[in-house]
Structure formats: C-alpha cells, structure tokens
Amino acid sequence: FHWAFSGASATIVSGSIAERCRLEAYFLFTIFMTSFIYPVVAHWVWSEEGWLSPLRDEPYLKENGFIDFAGASVVHTVGGV
C-alpha cells in the first residue's frame, strides 16, 4: 500500500528532472526519497502520533488536524517539494 504511494511520488519527480540528470543520480535520489523522505512525511500525517494527524489528543491545526483524502496531498507534496 505505502510502496505504491511512495513509487507514485517518485514518478512525479521523474517527470520534472527528465533528461536533466544522469540515470544513476535519479536512482540514488529515488532510493533516498522512498526510504527516508516519504516515510517521515507519511508518519506526520497518517500516524496517530504524527504532529499533523487529526487523531492526536491535541491536533496541530486547531481541532481538525490535517485531513488527507485518499493520500493525494502526501504523495503530491513529497513529489513536488
């Protein structure tokens, strides 16, 4: 489940750097992004202990927290930023 979302965020990056870097550099960046960056951001939003999660006792964004419908915000934020 999360590997599919992580792979989708990597394909967003591939469209923006196509023919601008070497293939080896893209592979290294993809490994780094899917192993370290994506899991951290996904934990922030989807885990009960994440600081953006609406399931916390005291959500960060007032009473609502960060509500992500179908995972689109996390995937596109990680891929775009």
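Predicted model: local features only at pLDDT ≥ 70, side-chain atom pairs only at ≥ 80, totals over all residues.

Q: Where is Asn64 found?
A: Asn64 is found in the loop between H2 and H3. Helices are DSSP runs (H or I) of at least four residues and strands are runs (E) of at least two, numbered from the N terminus.

Q: Is Asn64 buried or exposed?
A: Buried means under 20% relative accessible area, exposed means over 50%, and partly exposed lies in between (1.4 Å probe, protein chains only). Asn64 counts as exposed because its relative accessibility is 52%. From Asn64 to Phe29, the C-alpha to C-alpha distance is 34 Å, and the two are 35 residues apart in sequence.

Q: How many helices and strands does the protein chain have?
A: The protein chain has three helices and zero strands. Along the sequence, its pattern reads α-α-α. The C-alpha trace spans about 45 × 20 × 20 Å along its principal axes. Of the 81 residues in the protein chain, 30% are buried.

Q: How is the packing of two helices described?
A: The description uses the angle between the two axes and the distance between them. Axes are lines fitted to C-alpha atoms, for helices over the stretch in contact, and angles run from 0 to 180 degrees between N-to-C directions. Here, H1 and H2 pack with their axes 9 Å apart, at an angle of about 125 degrees. H1 is therefore oblique to H2; angles under 35 degrees count as roughly parallel, over 145 as roughly antiparallel, 65 to 115 as roughly perpendicular and the rest as oblique.

Q: At what angle do the axes of H1 and H3 cross?
A: The axes of helix H1 (residues 2-16) and H3 cross at roughly 40 degrees and come within 8 Å. H1 and H3 are therefore oblique to each other.

Q: What is the handedness of the crossing in which H1 passes H2?
A: A crossing is left-handed if the near helix is turned anticlockwise from the far one by less than a right angle, and right-handed if clockwise. H1 passes H2 in a right-handed crossing, and the crossing of H1 past H3 is right-handed.

Q: Is Ser6 buried or exposed?
A: Ser6 is buried, because its relative accessible area is 2%. Ser6 has its place in helix H1. A separation of 6.3 Å lies between the C-alpha atoms of Ser6 and Tyr38, which are 32 residues apart along the chain.

Q: Where does Val81 lie?
A: Val81 lies in the segment after helix H3 (72-80). With a relative accessible area of 88%, Val81 is exposed. The C-alpha atoms of Val81 and Val13 are separated by 8.9 Å, although the two are 68 residues apart along the chain.

Q: Which side chains meet in a salt bridge?
A: Side chains of opposite charge can pair when their charged atoms come close. A salt bridge is a side-chain nitrogen of Lys or Arg within 4 Å of a carboxyl oxygen of Asp or Glu. The structure holds one salt bridge, in which the side chains of Arg22 and Glu24 meet (3.3 Å, N to O). Arg22 is exposed at a relative accessible area of 62%, whereas Glu24 is partly exposed at 46%.

Q: Which residue has a positive phi although it is not a glycine?
A: Most residues other than glycine have a negative phi. Glu19 has a positive phi of about 65 degrees. Glu19 is found in the loop between H1 and H2 and is exposed, with a relative accessible area of 85%.

Technical notes:
Residues numbered from 1 in each chain as written. Heavy atoms only, no water.
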